[in-house]
Amino acid sequence: MKAMIEKFKALTEREQTLVLVSGVVVLIALFYYLVWSPLNHALTQQQKLLDNQHALLVWVEDSAARAKQLRINSAGTRTLSGSLPQAVNRSVAQHNIEVSRMQPQGDELQVWVDQAPFNDVLAWLKSMESMGVVILQADIAEADAAGYIKIRRLQLGKA
């Protein structure tokens, strides 16, 4: 350190001023690039993240309000009276659909149909929903004949 001070004192006054000014410029540049710029960049990113989170919050609150309103509006829908297998048996008979297999699972029922007309299946499912049956899952495939479908698995539950 003493050697550097001796070299600095050996310089002319103009060179000493130039070294001091360039030292200050280097310190300012180091402060800007090592401290200020990363902090400013991080602050900008956090502000964007906050804006995104705020937009998500607004969307969730709107969706929750819509869901609450739909729940209130749908409270007047019918609920199924009786057992789920009985309701399915009654309704498939009305729509001429042959069920190949039914398997109760607690409050739910799984139904398989080998082949049925597409329009009849739609009418059947619509009537089931109007009775208070909820379609939880459906795995439907095209059958061999035109206009016919297979229900690989239809999971129904009570509303």
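**Contacts, strand pairing and a nonpolar patch**

The side chains of H95 and S127 are joined by a polar contact of 3.2 Å (a pair of N or O atoms within 3.5 Å, in which, within protein, one atom must be able to donate a hydrogen and the other to accept it; residues adjacent in sequence count only if both atoms are side-chain atoms). The structure is a predicted model, in which local features need pLDDT of at least 70 and side-chain atom pairs count only at pLDDT 80 or more, while totals for chains, interfaces and linings use all residues. Residues are numbered from 1 along each chain as its sequence is written, and side-chain values use heavy atoms, with hydrogens and water left out.

H95 belongs to the loop between α3 (84-94) and β1 (101-105), whereas S127 is part of helix α4 (residues 118-130); helices (H or I, at least four residues) and strands (E, at least two) are DSSP runs, numbered from the N terminus. H95 counts as buried because its relative accessible area is 18%, and S127 is likewise buried, at 17% (buried means under 20% relative accessible area, exposed over 50%, and partly exposed in between, with a 1.4 Å probe and protein chains only). Once neighbours within four places in sequence are set aside, H95 is in contact (heavy atoms within 4.5 Å) with D120, A123, W124 and S127. With the same exclusion, S127 is in contact with S91 and H95.

N96 occupies the loop between α3 and β1 as well. The backbone of N96 takes a positive phi of about 55°, although this residue is not a glycine. With a relative accessible area of 65%, N96 is classed as exposed.

The strands come next. Strand β1 runs antiparallel to β2, and 5 bridges join them (two strands pair if DSSP finds at least two bridges between them). Within this pairing, P104 has L109 as its bridge partner in β2. The hairpin of β1 and β2 has 2 residues between the strands, and G106 takes a positive phi near 70° there.

Strand β2 (residues 108-117) is also joined to strand β4 (residues 148-158), by 7 bridges and again in the antiparallel sense. Two of the bridges can be named: E108 is paired with G157 of β4, and L109 is paired with L156 of β4. On its other pairing, β4 meets strand β3 (residues 133-142) in the antiparallel sense over 9 bridges.

V113 gives a closer look at β2, the strand in which it lies. A relative accessible area of 2% is the reason V113 counts as buried. Beyond residues up to four places away in sequence, V113 touches I97, E98, V99, S100, K150 and I151.

Helix α2 (residues 13-73) holds L39, Y32 and L18. Their accessibility values are as follows. L39 counts as exposed because its relative accessibility is 56%, and L18 is exposed at 60%, while Y32, at 41%, is partly exposed. Apart from neighbours within four places in sequence, Y32 is in contact with S37 and P38.

Y32 and L39 also contribute to a nonpolar surface patch of about 1,100 Å², whose other members are V26, L27, L30, F31, Y33, L34, V35 and W36. Patches are made of residues with over 30% relative accessible area and no salt bridge, with like charges joined within 9 Å and nonpolar side chains (Val, Leu, Ile, Met, Phe, Trp, Tyr) within 5 Å. A salt bridge is a side-chain nitrogen of Lys or Arg within 4 Å of a carboxyl oxygen of Asp or Glu, and the accessible areas come from the Shrake-Rupley method with a 1.4 Å probe, where for residues only the protein chains shown count as cover.

Two C-alpha separations complete the picture. V113 and E13, 100 residues apart along the chain, have C-alpha atoms separated by 99 Å. For L18 and D139, 121 residues apart along the chain, the C-alpha separation is 81 Å.
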